[in-house]
Amino acid sequence: MRATRAGEDARRAAGGRDGGGAGPAWAVLVTGFTLGVLAPTLHNATLPRAAADIGIDVRGQDLAQVVVVCASLAGLFWAGRAADVHGARRVVLWSLPGTCLGGLLLVTAVSPVLYGVGLAVESAAIMGVVAGYLASAPVLHPTGRLGRVIGVSFAALALALATGVALVLAADGAGNWRMAEALPPLLAAGLFLPAFRTMADERPPTRPPPRASTVFTVGCPVVVLLGGLLQAAPVRSWLDAGVVTLLAGTLALLVLCCSPGRVRLRDRPRQRRQEWRAPAESRSRVGAAVLAGGVWGFAQSALATVLLVLLTDRGGAQGEALVAWAGFGVGFAVAGLYAARSGIAVRPAAALGLTLAAVGVAVLPVLPHGHSTAATVCAALLSVLVGFGVILSQVPVVTRYLVELPASGRGVTATAYPAAVVLGGAAVTGIPYEAVIAPATRDGILELLWITVTVLALGAVLLGRSALAIAVAGGAVAQYVLVTVVSEERYAQRPLSLAAFAGTGVIVGLAVWTRGRQNERLARALAAATALQQAVLRPLPDRTGELESAGLYRPATADTGIGGDFYDVARTPFGTRILIGDVRGKGLPAVQTVADILGCFRSQAHETQGLTELAARLDRHLARAALSRQDGELFATALLLEHRDGSDHLHVLNCGHLPPLAVGPDHDVREVRLPALLPLGFGGLDPHTVPSPVRLDLADDTVLILHTDGLSEARNAAGAFYPVIPRLLTAPTSRPRDLIAHLMTGLAHWTHDTGDDIALIALTRRTDPRRL
């Protein structure tokens, strides 16, 4: 029964209620999102003409902007909570008629009060549609295809921006702002039936955790208040003590409510306290989405303000500013389609996109003077660059954010991103410098431009690779100084010079981004090499039985992570067994041989009683490997050691390897002479030789150094070998770890390139653990 219900839910999620496939569901989703972009664009563009028609004064226009922000935030949070209680489908079906009602009041308004009421209702209802669709996006679409859906959705938002600009221009030409404002309610009315048919019926959602309820109850009103304050504070005065106190208190309360730390809650009175903590990965996804959304809202609102003032200063009108603003939508579309096709990750998208947007903003102050058409064209091209950069950083962040939406409290969590977009747009009005922009002075525009470049650069640093973002953002600042300070005015105002400045910044950004991608690939290769080394050459334990040991491995080629030397320590029923050796050859064949030898040792060391038989099995295993590869010269030198607990000696078998070095308690160093047998792989050449282990005394204060020839045969510039024994004579202590560090420090001073792999093991017998 459970499987049947799960299958039915999957079919509904993939194909909608009527099984019509993912296409209608995607179209409904995109149309719902476009409402959230189209309506604010129309409201901001038609407000001056509506104010003149209805009789709204300047303070009333400011109040209308505050109403839009507060109503949008309140509608988001209401819809998110309702989606958790009643399901996202019901929220969307409730919000669409609300949008129609608010739009009807707005279009037919004959007084400022009706206009404000219609504005509030429509803004809240549209944000309800957006929140409902965001909460249902992972249900309507398979997770694997969600990135492509989000990318194409952002491209469709560009169509909404272009449509809004065309409607405003047509309304200006006809002198009728109501014609443009009629589009959102008509779109909502046409969306109702497709939404009813395609959105899946959800099961009763899981009850949100107590922490989510607390954040919603306290935090959401605080966010609404913060948005209203950001929009309204400059109208009064930023120097007003009451405004400053209220804003600071709101920010402090918001930080307190959204703190990711532990919060103690009581389920019932006089019961034990329990802790609730959201998963760290989930918090990072939401935090990244909030940051990206805030950057988008800020950059979009700032660009609209800057374009209007700059083009007006150069003889243009509002229509030309809207045409230039349409370039932002073109960048929207290109970025969305590119991200949907390429599947770009979060960090490269943020590092490249936001820094390219910073380049475009930095060049805006030098638009040509005296010719409004040239200024409009240049502004539109720079807007394309800014729109591409800002939206390129949004698609992977939003995709990851929606994929990670929790099953419990999904609706409330889904409101974080659009709320950040709204607050980011309100912050442009809320910054103190916005009051300076009103007279359209050059100084005010420069202040806002610098702030926008800073916001984009900080967003790139926090979301992307820090070094890459700082490098490109620095290039943008250098361009800004070059254009506005170093270049003469007559050169800076030429369109070709402007294109050269912007093109240089783009080329620098792409070059640095390409370098960053190469560094990422190298980092992944190094990580894979490290994982391979740790899988084949496991780190030596500090203590095995009564032996204290330290090991070091350094391949000749640093990027490979592993070479032809090998070592291992195994705790077996026969005592502690140690293997160190060197394979003939280098490169991948040597690595394969190392893996074969270590695999055989790790399996046979626990099954073979004596070192003689263990060495014979290793020898036969390597001989079979040589036969299968048709390599008659495949061999490996090796030292095999065995120590049984309670004994003061080792048994050693030398298969053609370098003899060990013994460091005594008085720092006297001697080479331990051992009979050398044939290397592994050659044992079958002399069947009459019966290898037998050699007993080697090991006092408590004696350290045994096992090494490969990469250490002893390292040459300096004069061709002399590294003096291992004299170097050990100068060691300050006789602890295994210190001796290895002392040898490697001396090797670094002796030569810069060893040319061969190095494997080192230092071990001693410690019967008293307190001496470790």
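Reader: In this predicted model, is Cys-100 buried, partly exposed or exposed?

Author: The model is a predicted one, and the class of a residue in it follows from its relative accessible area, with buried meaning under 20% and exposed meaning over 50%. Cys-100 has a relative accessibility of 23%, and a residue in between those two limits is placed in the middle class. Cys-100 therefore counts as partly exposed.

Reader: Into which class does Cys-655 fall, and how many disulfides does the model hold?

Author: Cys-655 has a relative accessibility of 5%, and so it counts as buried. A disulfide is a covalent bond between the sulfur atoms of two cysteines, and the rule applied here asks for a pair of such atoms within 2.5 Å. By this rule the number of disulfides is zero.

Reader: In what order do the five strands of the open sheet lie, and in what sense do they pair?

Author: Strands of a sheet pair through backbone hydrogen bonds, and the pairing can be parallel or antiparallel. The five strands here form an open sheet, with β5 (565-572) and β11 (694-697) as its edge strands, each pairing on one side only. From one strand to the next the twist averages 20°. The order is β5-β6-β7-β8-β11, and the pairing is antiparallel.

Reader: Which residue of β11 is the bridge partner of Val-652?

Author: Strand β8, which covers residues 649-655, pairs with β11 in the antiparallel sense, and four bridges join the two strands. For Val-652, the bridge partner in β11 is Val-694.

Reader: Which helix packs on the sheet, and what angle does its direction make with that of β7?

Author: The helix is α24, made of residues 611-629, and it touches β6 (575-583), β7 (636-643) and β8.

Reader: Is Asp-582 buried or exposed, and which residues does it touch beyond four places away in sequence?

Author: Asp-582 lies in strand β6. Its relative accessibility is 12%, so Asp-582 counts as buried. Leaving out residues up to four places away in sequence, Asp-582 touches Gly-564, Asp-565, Phe-566, Phe-635, Ala-636, Thr-637, His-657, Thr-708 and Asp-709.

Reader: Is Pro-589 buried or exposed, and what distance separates its C-alpha atom from that of Leu-634?

Author: Pro-589 lies in helix α23, which runs over residues 587-604. Because its relative accessible area is 53%, Pro-589 is exposed. Pro-589 and Leu-634 are 45 residues apart along the chain, and the separation of their C-alpha atoms is 9.9 Å.

Reader: Is Val-422 buried or exposed, and with which residues is it in contact beyond four places in sequence?

Author: Val-422 lies in helix α17 (residues 416-430), and its relative accessibility of 18% is why Val-422 counts as buried. Gly-294, 128 residues apart from Val-422 in sequence, is 7.5 Å from it in space, C-alpha to C-alpha. Apart from neighbours within four places in sequence, the contacts of Val-422 are with Val-69, Ser-72 and Leu-73.

Reader: Which element of the protein chain has the lowest mean pLDDT, and which the highest?

Author: The protein chain averages a pLDDT of 75, and 70% of its residues score at least 70. Over residues 253-282 the pLDDT is below 50, although this stretch has 36 contacts in the model beyond near neighbours in sequence. Where pLDDT is low, the predicted coordinates should not be read in detail. The lowest mean, 35, belongs to strand β1 (residues 263-265), and the highest, 92, to strand β12 (residues 703-707).

Note on methods. Residues are numbered from 1 along each chain as its sequence is written. This is a predicted model: local features need pLDDT of at least 70, side-chain atom pairs count only at pLDDT 80 or more; totals for chains, interfaces and linings use all residues. Side-chain values use heavy atoms; hydrogens and water are left out. Two strands pair if DSSP finds at least two bridges between them. Axes are lines fitted to C-alpha atoms, for helices over the stretch in contact, and angles run from 0 to 180 degrees between N-to-C directions. Contact means heavy atoms within 4.5 Å. Buried means under 20% relative accessible area, exposed over 50%, partly exposed in between (1.4 Å probe, protein chains only). pLDDT is the predictor's confidence in each residue, from 0 to 100.
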